[in-house]
Amino acid sequence: MAVDFRGRPLFPPGFNSPTRFEADVYDCEVWGEIPSDIEGTFYRMQCDFDYRPPQNEWMTGFNGDGHISRFRFANGSVDYKGRYVRTARLMAERKARKRLFGVYRNPYTDDPSVAHVDRSAANTHQYWHGGKMFVLKEDSRAWTVDPHTLETLGPWDFYGKYTATTMSAHPKIDPVTGEMIAYGYQAKGILTTDIAVYTVNPQGHITKEVWLKSPYLGIIHDIAITQKHVIIPVIARTTSLERLKSGEPMWEWNGSLPTMVGVLPRDGEGKDVRWYKGPSRNTLHFLNATDRGSKITMELPTSSGERDASQIRRWTFDLKSKKDSFQEDVVSTTPGFLPRMDDRFLSLDYRYAYVSSRDMNEPAAKGGGFPRMNMLQRLDVHTGQIEQCPTPDPAHGLQEAMFVPRKNAKGEGDGYVMAIASHYQSMTSDLLIADAQNLKAGVVAQVKLPFRLRSGTHTNWYPQSVLPPIKDELT
Ligand SMILES: [Fe+2]
């Protein structure tokens, strides 16, 4: 039976329907002028769908197939390439010409023929570290692709040293040491409360492995690091064997559960973790954390309940206090939930967050079936002050913003902000570029694509100086 996506609430006709194609655009059309000190590659991931998931699929769409895009910048020009990650899962479904994997992270809903097939959809994030470009999904180990051709290279176990069964899509790279702090949860198999934390040196070798137990079976989608600690929040989106056996997607919000935050010394062992408890908070992604004497501060977007508006808040952990609670303060009420920063300052003292957000004076308009973010913003986390970037098409929606340091950048924020814009009327996408230190001047360039990139997950930037030499030009 041929593919037919009609009748699935996950796929309203229009911008966010599955795209299902790969593309190369050599020397993209550009409106405006790309600054010559942008040299490197912007990557972004989207979940796409080759085959129709079950009717009760999780409405986030996070169970689609990984599709990675790269925009390669040099000398004011851009080349685009988009490719599926050819995971074992995708190729098994293509061979069968039908969906074989069931709903989100629920193997009880899979076709028995894929019981031993790697589950990774490699659809969430991409990181370059230790000579590998990782494409990641938190329920499985890492996969890798070529950073230029995007050719799928296969799964990666760090020379046999990565023993956990999962690797989250949000490892953290220490800008001081060059180490990657990677972790997995449900790390001894599905529904286990085991967490594994790995330190990977800049050459890509694991130098430390720590195991600990989560207080309950909650989502651990992201972590934060400081120079001395790993911060591991466990969030009140939970699951159970009963839920999986009933055929539902993995996660269910349970506001009666606390937020539990593990603070693990980077030079410690699992027994050294200290758990702090707070009220249930709906959050997935964290901006940054910093050691401040005997305290740790961490900024993050979070909401008080499952459906409350998100705010940027600060959690403070007092290492000397005997209490098991943490302090929470509001930094800004801006509703952006995917803030990024100048990653050269990750784990360190920093000032700015870059957020695709929504003009609060505008009604909560929707585009492509999702709440629309239509404003690029820079947030000063010291003062809460926001600078907005007027964008060329107020009817568009913005995907995750990314800070891109200029070539030979100096201090924090010396560079650009990039974000994919979704144009719902023309069914096309642009990559917007603005000067991070002068957002109010508006975008300086728009990289025009003659097609749409459906809602993406995460973005990253790597300067050409850290990537392998380019061999695939004009191919
Ligand atoms: Fe994420």
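How many bridges join strand E11 (residues 180–185) to E12, and in which sense do the two strands run? I began my notebook with this, keeping in mind that the model is predicted.

**Entry on strand E12**

I found that six bridges join E11 to E12, and that these two strands run antiparallel.

Next I asked myself how many of the residues of strand E12 (residues 194–200) are buried. The strand is mostly covered, since seven of its seven residues are buried. I had read that side chains in a regular strand alternate between the two faces of the sheet. In E12 I listed Asp 194, Ala 196, Tyr 198 and Val 200 as pointing one way, with Ile 195, Val 197 and Thr 199 pointing the other way, and all of them are buried.

**Entry on Gln 437**

I looked up Gln 437 and placed it in the loop between strand E33 (428–435) and strand E34 (443–448). Is this residue buried, partly exposed or exposed? Gln 437 counts as partly exposed because its relative accessible area is 44%, which falls between the cut-offs of 20% for buried and 50% for exposed.

Leaving out residues up to four places away in sequence, I recorded that Gln 437 touches Arg 378, Arg 406, Gly 413, Asp 414 and Gly 415. With one of these, Asp 414, the side chain of Gln 437 makes a polar contact, side chain to side chain, at 3.3 Å. I also checked Val 417, which is 20 residues apart from Gln 437 along the chain, and the C-alpha atoms of the two are separated by 9.2 Å.

**Entry on the second largest pocket**

Finally I turned to the second largest pocket, in which about 920 Å³ of space lies. I noted 44 residues in its lining, and of these Asp 343, Arg 344, Asn 460, Trp 461 and Tyr 462 lie nearest the centre. Which strand gives the most to this lining? I found that E35 does, with five residues. The strands that each supply at least two lining residues include strand E6 (125–129), strand E31 (402–405) and strand E35 (456–463). Sorted by kind, the lining residues divide into 20 nonpolar, 12 polar and 12 charged.

Note on methods
Residues are numbered from 1 along each chain as its sequence is written. This is a predicted model: local features need pLDDT of at least 70, side-chain atom pairs count only at pLDDT 80 or more; totals for chains, interfaces and linings use all residues. Side-chain values use heavy atoms; hydrogens and water are left out. Helices (H or I, at least four residues) and strands (E, at least two) are DSSP runs, numbered from the N terminus. Buried means under 20% relative accessible area, exposed over 50%, partly exposed in between (1.4 Å probe, protein chains only). Contact means heavy atoms within 4.5 Å. A polar contact is a pair of N or O atoms within 3.5 Å; within protein, one must be able to donate a hydrogen and the other to accept it, and residues adjacent in sequence count only if both atoms are side-chain atoms. Two strands pair if DSSP finds at least two bridges between them. On a 1 Å grid over the protein atoms alone, a cavity is a set of points where a 1.4 Å probe fits but cannot get out, and a pocket is an open set with protein on both sides within 12 Å along at least five of seven lines; lining residues have an atom within 4 Å of a point. Grid points are joined across faces, edges and corners, and a volume is the space filled by probe spheres set on the points. Ala, Val, Leu, Ile, Met, Phe, Trp, Tyr, Cys and Pro count as nonpolar, Asp, Glu, Lys and Arg as charged, and the others, Gly among them, as polar.
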